[in-house]
Amino acid sequence: MLHEFSNSSDKTEEEAVFVFTLNNLNPSPPSYVFVYANGTKLWCPNVIDDIKPVVGLSFDKWEDVIDMYQNYAFHCGFSIRKGQTKVYKGVPTHKYLRCTKAGKPQSKQKSHFVVLKFSEAHNHEFIDRHNLNLTKISRKLNFSSKQFIHKMSLNRVGPVQAHRCLVAMKGGHHNVNGTPVDFKNFAHKMRMFIGERDSQLVLDRLRDRFENLPDFFFDFQVSNGQLRSLFWADEISKLNYNVFGDVVAFDATYHTNKYNMLFVPFTGVDHHTQCVTFGVGLLFSETTESYKWLLLSFIKAHCKQPLLVLTDQDPSMRQAILEVFNESRHRLCMWHIMKKLPAKITADLFKNTNIRAEVHRLVWNVYIKPSTFENRWEELISKYSLANNQWLKDMYDIRDRWVPAYFREIPLCCLMKTTSRCESSNAAFKINSSSANTLVQFMLCFETKIDSQRYRQRMSEFKTSTSTFVGTTDLPIESHAFSIYSHEIFFAVRNEITKGKLFCYISNTDTVDDIFVFQVTHLARRNDATHVFQVRFNSVDNSASCSCMGFTRIGYLCRHIFCVYRLKKVERIPTLYILNRWMRDVIPKHVYSIEYRYGVDKTPQYVMRNEILEIVTECVDLVRSDTDSLARLVEQLCETKLNLTG
């Protein structure tokens with residue numbers, strides 16, 4: 001096939017362009033300028049002969065022709081575009097490459113490509129060497145740049161910010177292919193590529209995981225051809241729920257996808273006191289039926305209900321929980337209620353009295369019984385003449401749904417008293433995803449955030465397994481606590497052991513049916529006696545119970561019991577008081593392996609690409625200060641590139 005490269009000075013003809021690296025630029029003048037008597041100017045590039053097109057030169061592939069001419073054009077300072085193709089009896093015989101400023105050209109096919117014509121002169125100035133990176137061919141995004149834009153979008157970094165980051169990483173705009181506009185155009189093309197297939201692509205992705213991953217669950221609802229509801233939970237979410245699913249919080253949030261579907265993650269607390277996600281839902285509406293479907297899907301996935309469910313005051317949520325989670329206790333978020341207090345009482349009363357502090361001290365008190373709360377509430381209402389305040393009346397009528405005193409009998413009731421963890425988790429997911437994202441992009445953003453969550457869990461596991469014991473109390477029970485609890489829980493338990501030693505003392509002792517009954521006084525930091533708690537101790541099995549109900553509330557023993565254990569020389573925490581959810585290695589170690597990570601492409605090509613980049617980076621680091629070594633490395637890499645492309 002014959003290929004013409006038309007670059008004549010005629011207004012109907014023009015030249016072609018080529019692209020290569022700026023490092024190969026010739027420092028000599030870029031062109032010769034010929035001026036005719038009629039004022040017409042022609043520019044001829046001044047480049048070495050090795051890169052000039054030669055008439056009669058043949059190529060096996062059209063791509064090689066384009067590469068050759070792009071290289072030439074780049075060094076000269078102009079851009080090229082593909083021109084017309086001439087066809088004879090249905091067979092292409094001539095193809096044109098020309099300068100982007102060229103007009104229409106004029107000008108048979110064998111089994112390969114031959115340069116038929118080459119015109120060197122141009123009727124325009126060439127692009128300055130320092131602006132060559134702004135030419136069309138230089139702005140063409142390579143695979144690495146496209147991948148970078150995509151990866152950054154998964155962390156809610158837009159294309160413009162991604163361009164800035166890449167410029168900073170590569171040391172200047174001249175080292176980056178493309179402008180911010182090119183980056184934005186590519187991001188837009190990604191969304192356009194997904195288009196109307198969005199929902200189907202998400203369902204296909206989930207179905208593929210269901211078929212290929214162990215214990216993956218998903219469910220969805222479609223109405224009138226539209227995706228209305230979606231829920232999914234993977235194997236790790238199920239393992240986490242099986243261990244940490246005693247208390248669950250969930251809250252709906254908007255602005256995570258372009259369809260404004262509600263994002264509803266189910267959140268709990270793991271043995272490192274970090275947020276952990278048990279499953280995720282997407283809902284089209286906030287109706288009771290929608291939430292019922294979501295909760296039923298949650299039970300299908302996990303096969304058991306939580307002990308305690310924490311939400312805000314959404315009536316649709318409450319109704320759905322009462323109907324579906326009939327074995328669970330529903331609790332309202334205290335923070336959502338208490339933040340309304342300033343707006344519900346007069347400004348004068350709020351500013352000029354201690355009502356805010358007194359209300360907070362009362363409702364957040366985890367030690368008092370319901371009867372005590374009710375008596376103190378009546379005293380408070382009477383003191384400030386608030387008997388006619390309707391909002392306070394309404395909150396008092398539903399006190400059993402939010403005041404800690406009414407949950408003191410429920411295990412781990414103080415693990416979460418507000419939906420702040422859930423809202424924090426929602427906010428974290430929204431950091432990655434935006435309201436402009438398609439469902440496919442939202443799914444990828446979600447997986448990026450989940451991978452970050454599990455990375456933090458893995459770091460905490462590493463800290464637990466590699467930390468060494470440093471005692472602070474000289475009590476053997478502290479060493480035993482270190483051996484059984486995770487790193488974070490050990491510090492919490494050690495704090496109780498320390499305060500049991502320094503801030504608690506036994507003020508009275510009695511015996512009832514071989515059970516020791518101790519009155520333990522709890523001191524404040526200023527050594528003021530604040531509370532007296534009753535601890536019952538059985539010397540046969542070292543079992544103990546405290547009237548503060550600390551073990552019930554938080555899942556590990558309180559300082560008052562540790563005070564008694566110190567007196568009775570108990571050196572190990574009884575097995576009865578070691579909850580599985582707080583122990584080391586409660587989650588199988590294999591879930592932290594690379595095979596279970598969402599953000600990792602495990603295909604051989606991707607692994608080898610990363611390995612190549614790592615090797616090249618290490619080589620550059622080794623010779624970074626040696627000019628000669630760097631020059632040899634550049635030469636070797638160029639030879640490798642020629643071998644790969646040749």
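**Reading a sheet and its cores**

Tutor: With a helix on the sheet: α8 (residues 315-324) lies across β10 (247-250), β13 (308-311) and β14, at about 165° to β13. This is a predicted model, in which local features need pLDDT of at least 70, side-chain atom pairs count only at pLDDT 80 or more, and totals for chains, interfaces and linings use all residues. Residues are numbered from 1 along each chain as its sequence is written, and side-chain values use heavy atoms, with hydrogens and water left out.

Student: What do the element names and the angle refer to?

Tutor: Helices (H or I, at least four residues) and strands (E, at least two) are DSSP runs numbered from the N terminus. Axes are lines fitted to C-alpha atoms, for helices over the stretch in contact, and angles run from 0 to 180 degrees between N-to-C directions. Contact means heavy atoms within 4.5 Å.

Student: What is the strand order of the open sheet of seven strands?

Tutor: Two strands pair if DSSP finds at least two bridges between them. Here the order is β8-β9-β12-β11-β10-β13-β14, with mixed pairing. The edge strands, β8 (217-223) and β14 (329-332), each pair on one side only. β8 and β9 (residues 226-233) run antiparallel, joined by seven bridges.

Student: Which residues touch the most other members of the largest nonpolar core?

Tutor: Such a core is a set of buried (under 20% relative accessible area, 1.4 Å probe, protein chains only) Ala, Val, Leu, Ile, Met, Phe, Trp, Tyr and Cys residues joined through side-chain atoms within 4.5 Å. Of its 72 residues, they are F373, W402, Y485, Y565 and I573. Helix α20 (residues 559-567) gives the most, with five residues.

Note on methods. Buried < 20%, exposed > 50% of the residue type's maximum accessible area, 1.4 Å probe, protein only.
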